[in-house]
Amino acid sequence: MLEVRDLSVSYGKHRALDGASLKTGRGEIVVILGANGAGKTTLLKAMCGICEGRVGGSVQMGGEELLGLAPDRIVETGIALVPEGRGVFGDLTVEENLTLGAYAKRARDEEAGNLERVLTLFPKLGERRRQTVRTMSGGEQQMVAIGRAMMSNPQVLALDEPSLGLSPLLCKELFQSLAAVRKAGLGILLVEQNAKQSLAIADRGYLLENGEIVHEDSAEKLASDPAVQKAYLGAAAGAAAPKAAAASTKPVPPRAPTPAAAPRPAAGPSPSDIAAAALKGVGAAPRPAPAPKPAAAPAPATTPVPQAAPTPRPAPTPAPSGSAPDLSALVSRAAAMSSRRPAQGANGGAQSRLPTRPATPAPPAPPPRPALPEMPRPDAGSSADRLKAALEEIEAAARRAETYRPAPHTRDTRR
Ligand SMILES: Nc1ncnc2c1ncn2[C@@H]1O[C@H](COP(=O)(O)OP(=O)(O)OP(=O)(O)O)[C@@H](O)[C@H]1O
């Protein structure tokens, strides 16, 4: 059904993907495992026509060549992308987000049937139909994102690290849902860091290292392969975050630094700054916004603007009940919301992909939040890595506070 042949992507001089070939069939779950920076997101973005780099090779869906097609045309061929960071519209309700997914022409006539299918697969979404999405848990938001992608009536669902930032329990639920999606006859291409659970539901898998597919096998064989276990499952099964254990199944030369890599700040922030940033880093959206990457290309119709859910999460606020949302009005609202917000996440900038219908008047934008200091970012983007980095910073701050002595000229006013 989906066939990728010799796909390569370069960002300037940086070769991020090098001759990758893979297939996904009907009713098949195919997982792509790879360390940070291996090129997984690049692969999905190139397939869906939203990659900023120079793309070469071939991507075919049912024999039709997709390279060179506009992203919305690619959606019409039956691929739906669930981007990393979900890309849900936080200010819209569950039902409105789902309805937006039916914007593809191939889906419009079957909107009611697809909605029923999604609500059968994710009964929780039916119960929360009128809940504003930003008030939902990470797992529930992920279900909205998957449900919305399914509303475009796809044959292949491509998911970019859907389990990122989810608790073990929610991960389990998510992977069970994906297995159910497969039963509905869809092909699933799953980019994951959670090797253990993704291999448990997958049929086949590919290992991507430094932009190259270095191994392909059945999921069962991959899960029991010692090299895979060492690289992606951690020495003690499930101990460390698989992404952080970026061991290689073959000798891999060190990566060339990404051209636009952001320099670490020279001076250290104050302890209170560090604590605030640490809290932000741990409690915020699953992945920090990728500062080094330039403005992202537009995303397809099924991947609107990613938005981080604001914290703290307010109590659920059901949207006013009424008739089913009108698709055009929704698109206008979504476009209006997108255009007054800066894009976030790896797939940011998706607002320009939305149809340019006249937007309904939008309420004034809220005042910008005071910027917190930049957290030093470890290579790995997993929550475990960010947590570790945050804790290290807090420890360093505590050590600095212990040795802190006031300057000699400071007058003691207590006397
Ligand atoms: N728009 C861009 N411009 C320049 N370099 C980029 C761009 N997007 C990605 N890269 C680089 O290409 C390489 C592959 O990135 P990609 O995001 O595909 O990796 P990944 O395997 O998805 O990583 P992660 O698991 O951390 O998300 C990295 O070195 C990254 O820095």
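A residue counts as buried if 20 or more other C-beta atoms lie within 10 Å of its own, as exposed if 12 or fewer do, and as partly exposed in between; the C-beta atoms are placed from the backbone. The model on screen is predicted: local features need pLDDT of at least 70, side-chain atom pairs count only at pLDDT 80 or more, and totals for chains, interfaces and linings use all residues. Residue numbers start from 1 along each chain as its sequence is written.

**The whole chain**

Show everything as a cartoon. The protein has 14 helices and ten strands. Helices (H or I, at least four residues) and strands (E, at least two) are DSSP runs, numbered from the N terminus. Of the 415 residues, 44% count as buried. Two residues are in contact if their C-beta atoms, placed from the backbone, lie within 7 Å. Among contacts with a separation of 6 or more, 77% are between residues 24 or more positions apart.

**The six-stranded sheet**

Select β6, β7, β8, β3, β9 and β10. In that order they form an open sheet with mixed pairing. Two strands pair if DSSP finds at least two bridges between them. The edge strands are β6 and β10 (212-218), each pairing on one side only. From one strand to the next, the twist averages 15°.

Now select β3, residues 29-34. Is this strand mostly covered or mostly open? It is mostly covered: six of its six residues are buried. In a regular strand the side chains alternate between the two faces of the sheet. Here I29, V31 and L33 point one way, while V30, I32 and G34 point the other way.

Strand β8 (187-192) pairs with β3 in the parallel sense over five bridges.

Move to β6 (79-82). β6 and β7 (156-160) are parallel, with four bridges between them. The bridge partner of L81 is A158 in β7.

**Helices on the sheet**

Show α7 (138-150). α7 lies across β6 and β7, at about 165° to β6. Axes are lines fitted to C-alpha atoms, for helices over the stretch in contact, and angles run from 0 to 180 degrees between N-to-C directions. Next, select α8, residues 168-183. This helix packs on the sheet and touches β3, β7 and β8; its direction makes about 155° with that of β8.

Bring in α3 (94-101). α3 and α7 pack at about 35°, with their axes 7 Å apart. Display V94, N97, L98, L100 and G101 of α3 with V144, G147, R148 and A149 of α7; these residues make the contact.

**Inside the core**

A nonpolar core is a set of buried Ala, Val, Leu, Ile, Met, Phe, Trp, Tyr and Cys residues joined through C-beta atoms within 7 Å. The largest has 83 residues, and M47, I79, L157, A158, I188 and L190 touch the most other members. α7 gives the most to this core, with six residues.

Center on L190. Not counting residues up to four places away in sequence, L190 touches I29, V30, V31, L159, L178, S198 and A202.

Select α5, residues 111-121. Its buried residues are N114, L115 and V118.

**A buried proline**

Jump to P83, in the loop between β6 and α3. P83 is buried, with 31 other C-beta atoms within 10 Å. Its C-alpha atom is separated by 8.6 Å from that of T41, which is 42 residues away along the chain.

**The four-stranded sheet**

Last, select β2, β1, β4 and β5. These strands form an open sheet in that order, with antiparallel pairing. β2 (14-24) and β5 (64-65) stand at the edges with a single partner strand each, so one side of each has no neighbour in the sheet. Zoom in on β4 (54-61) and β5: two bridges join them. Q60 stands opposite E65 in β5.
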